[in-house]
Amino acid sequence: MVNIEFKDNCNYICLDGVPCARIIPVCGAVDTFTPITEGVWRWHRRTEAPTDKMRMELVFLGDPDFTMVPSVSYNGNGWGDTPEYVGDFAEDGTPWSWAWHRVTIPACTYSENTRIGIALMSEPNVNCACSLYKVDEGKKHVLIFPEEEKPKTLQRHFWNGPYEGTMEPTCDFEGIIFTAPSDGTRFRYKALMDFAWRYYGHEFKAPKSAEELYRLSIAFSCYLFERERDGFAGFARGCEWNLGSTSYKKTEHIYEVGWAGQSASLANAFIYDYLRTGDKEKLDMAIEVHDSWIRKGKHPAGHITGRLDMDEWSYKEIAPDYMPDKWVHGENKYESLYNRYLSCSQGNIPKVYRDVDGRPFKANDACNNGTAADCYFEAYDLLCSAGIEKPEYLDMAFGICDHALKTQAYNGCYPKAWKNDGSSRGYKGTVGCFMILPILKAFEKTNDRKYLDSAVKAFAFYYGELERDGFTTAGALDTYSIDKESSSPLLRSALALYDTTGDKHYVEASEKIAWYLSTWLMYYTIDYPDGSPIKNVNYDTFGGTSVSTPHNALDMYALRDVLSFLRLYELTGYRQWYERAAVLWCHASQMISDGTWFVNGRLRPAGSQDEAVFHTRWGRHVSGNFVPTQWFPNWPCAFRLENLRWHKDWSFFNEGLTEIEGKIQ
C-alpha cells in the first residue's frame with residue numbers, strides 16, 4: 001500500500017512503510033495532500049505571504065530504471081540524430097524545463113523502478129512548467145510556477161531562446177502526485193495513462209457525420225489527382241498556399257505511394273467508391289494510378305520507389321545556399337528550401353545522393369514499400385469484386401514481400417530502406433515493421449510457411465525492442481528519433497498475428513503497444529485566448545497525438561489506429577479501448593473544410609485539413625507557434641477513407657465519445 005507519511009520533518013511517499021520519494025518542503029509554506037483516487041493525491045501548498053514564484057519538488061529516491069516526460073522524453077532520448085531534448089540537462093548544465101502544454105499529460109514527469117512508479121503533474125491551463133533531472137538523492141520532479149521553458153525551446157529542427165512567464169502573486173499552488181506499485185513488469189505507464197484518461201478526458205461529439213466525411217474526403221482526393229506529361233498518374237501529396245497565385249495550389253509533381261502521399265491507398269478508395277456508387281470514372285482513375293506506379297516505380301529487385309519527384313526544383317542544379325523566393329514557391333516547398341539555405345549558411349552543406357541517371361536518390365523505405373504491398377493486395381481483391389483481374393497487382397505485392405524476405409536480417413529485422421539495386425540501406429529502427437502486414441497477407445494467400453515464419457521472427461525483434469527500451473523508433477520519416485508512428489504498424493501486426501495464429505500472446509503484446517502509443521495522446525483541452533489562431537478554428541487538443549520527441553506538434557496520424565483500438569476492445573472487453581478509438585476519430589474529424597471555410601484570409605478547398613497544429617511553443621521558421629500548419633496533405637483523407645471502407649458500421653463514427661467509464665469527478 002502507498003501512503004504519504006510525515007517523518008523527520010519531511011513528507012515521504014512510502015510503499016509498505018518504506019520511503020520511495022521525498023517531498024521537499026519550503027520554509028513558510030504548509031503542504032496538504034487530499035486523495036483523488038487510490039494512490040493519487042492533490043498536493044496543495046499554501047504560503048504565508050503571496051509570491052510570484054514557486055517550485056514544488058519531490059525526489060524519487062535512488063536511480064529509476066525508466067523515466068518519461070510523455071511525448072517529450074523517453075529515458076532521456078538520444079536515439080537518432082534529430083535535434084531534441086537529450087538527457088536531463090542542456091549543454092550549459094541547466095536542467096531542461098518544459099511548459100505544461102508541451103506534455104501530453106499537463107506538466108507530467110514520471111519515474112519508475114522495480115518497486116513503484118511515481119508521477120508529478122498539474123491541472124490543465126495552469127501557469128506552470130515541469131522539470132526532471134538527476135540529483136544526489138535520485139531523480140527530482142519539479143512543478144515550476146510561473147510557466148517557463150529553459151534554457152532554450154525546441155522548434156522544428158532548430159532551437160529558439162528561452163521563455164519565462166509571469167504571474168500575479170498568490171499564496172496557493174497545486175499539483176497532482178500519482179503512484180502505482182509494481183506489478184512485476186517494466187514500463188508500467190499503463191496505470192498513469194488510465195488515470196489521465198479518466199481524470200482529464202471528456203465527452204467529444206462527432207464534429208461531422210461519417211457520410212459527410214466520406215464525401216469531403218473523396219472530393220479532396222479528386223482535387224489532388226494529377227497526370228504528368230509522360231502519362232504517370234497519381235495523387236499529389238497535398239496543397240499549400242502560394243503567394244504567387246494568392247491561392248491554395250496542389251503540391252506540384254511530387255508523389256508518394258504511401259506515407260505522406262498515400263497514392264496507393266487513395267486509388268483503393270476510388271475502387272471502393274466505384275463498388276459503392278457505380279462511378280466508372282473513379283475506377284478508371286484508380287487503375288491508372290496503380291498501373292502508373294508499377295510502370296514508373298517498380299525496381300528489378302522487386303521493391304518499389306516510395307517517392308517520385310517530377311518537380312524541376314528537385315533536379316535543377318541550384319547553388320546549395322540558394323535563397324528561395326516565397327513568391328515562387330508554395331509555403332511548404334519554401335520552408336524546405338529555406339531550411340536548406342539556413343543549414344548552408346551555418347556551414348552544413350546538405351549531401352545530395354544521385355542515382356545513375358543523375359537525379360537525386362530517393363530512399364525506397366520500408367514504410368512506403370510495406371504500404372504499397374498492402375495496398376496492391378487490397379486492390380487486387382477489390383477489383384476481383386468488380387469482376388476485373390489484375391494479376392500484375394499480385395505480382396507487385398509479392399515482389400515487395402519476397403524482396404523483404406531476401407534482405408531480412410538473421411535477427412528478424414527488415415531493412416529500413418533499399419537502394420534502387422535492391423541492396424539494404426541499413427536496419428536500425430522500428431520502421432521495417434511496416435513490412436509485416438503485407439507479408440502476413442502473402443501467407444494468407446499462399447499458405448506458404450516462409451511468410452508466416454518471417455513475420456513472426458520480425459515481430460519478435462521489433463516488439464522485443466519495445467520491451468527492452470520502452471519506446472519505438474523511426475516511423476516518422478521526417479525525424480529520425482523515438483516516435484509514435486512506428487508503434488502503429490507494430491500494433492496492427494500484433495493483432496494480425498493473433499488473427500492468423502490464435503496465440504493470445506499477441507493480444508497481450510497489442511495492449512502493451514497500445515499503452516505505449518497512448519503516451520503520445522493529448523489527454524486534455526488547452527484553453528487558448530479569444531482571437532488566437534487555434535481558438536479561431538475551434539480546435540480541441542483532446543485526442544490529438546504528438547509526432548515524435550523532436551516533433552512536438554499534434555496531428556491526425558492516429559486515424560490509422562482507430563480500428564486497432566476497436567479490435568482490442570472486441571478481444572479484451574476493456575471499455576477504454578473503445579473510448580480511445582472514439583476520441584481519436586473525433587479529434588481527427590475537426591477542421592475539415594466544406595469548401596466554404598475562410599480561415600486567415602484564405603478559402604480552403606473542400607475536404608482539406610491541416611496536417612498538424614502547433615499547439616505549443618514549437619513551430620517552423622516561417623509559421624511560428626500556436627497555429628495550424630495551413631499545409632493540407634492527402635494522408636488524413638486516405639486514412640479516414642480506410643476506416644470507412646474497412647468498418648462497415650458507420651454508427652460508431654457518428655456516435656462520438658459519449659461517456660468515459662469510471663470517470664474521476
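Predicted model: local features only at pLDDT ≥ 70, side-chain atom pairs only at ≥ 80, totals over all residues.
Residues are numbered from 1 along each chain as its sequence is written, and side-chain values use heavy atoms, with hydrogens and water left out. Strands here are DSSP runs of E with at least two residues, helices are runs of H or I with at least four, and both are numbered from the N terminus; two strands pair if DSSP finds at least two bridges between them.

The strands β2 (residues 10-15) and β3 run antiparallel and are joined by five bridges, and they form a hairpin with two residues between them, where Asp 16 in the turn has a positive phi of about 50 degrees.

How much of β2 is covered? Six of its six residues are buried, where buried means under 20% relative accessible area, exposed means over 50%, and partly exposed lies in between, with a 1.4 Å probe and protein chains only. In a regular strand the side chains alternate between the two faces of the sheet. Both faces of β2 are covered, with Cys 10, Tyr 12 and Cys 14 buried on one side and Asn 11, Ile 13 and Leu 15 buried on the other. Strand β3 (residues 18-24) is mostly covered as well, with five of its seven residues buried. Four bridges join β3 to strand β6 (residues 54-61) in the antiparallel sense, and Leu 58 in β6 is the bridge partner of Ile 23.

A further group of seven strands forms an open sheet with antiparallel pairing, in the order β4-β5-β18-β11-β10-β7-β8. Because β4 (29-37) and β8 (73-74) stand at the edges with a single partner strand each, one side of each is left without a neighbour in the sheet. Helix α1 (residues 189-200) packs on this sheet, touching β4, β5 (40-51), β7 (66-69), β10 (109-112), β11 and β18, where contact means heavy atoms within 4.5 Å. The direction of α1 makes about 135 degrees with that of β18; axes are lines fitted to C-alpha atoms, for helices over the stretch in contact, and angles run from 0 to 180 degrees between N-to-C directions. Within the sheet, strand β11 (residues 116-121) and strand β18 (residues 170-181) pair over six bridges, and Ala 119 has Phe 178 in β18 as its bridge partner.

An open sheet of three strands has the order β22-β21-β35, with antiparallel pairing. Its edge strands, β22 (247-250) and β35 (631-633), each pair on one side only, and neighbouring strands are turned by 30 degrees against each other on average, direction ignored. Strand β21 (residues 238-242) is joined to β35 by three bridges, with Phe 632 in β35 as the bridge partner of Cys 239.

On a 1 Å grid over the protein atoms alone, a cavity is a set of points where a 1.4 Å probe fits but cannot get out, while a pocket is an open set with protein on both sides within 12 Å along at least five of seven lines, and lining residues have an atom within 4 Å of a point. By this rule there are two cavities of 30 Å³ or more. The largest cavity holds about 150 Å³ of space, and among its 15 lining residues Thr 371, Asp 374, Arg 492, Arg 560 and Glu 642 lie nearest its centre. The largest share of this lining, five residues, comes from α7. The second largest cavity holds about 50 Å³, and β7 gives the most to its lining, with three residues. Volumes are the space filled by probe spheres set on the grid points, which are joined across faces, edges and corners.
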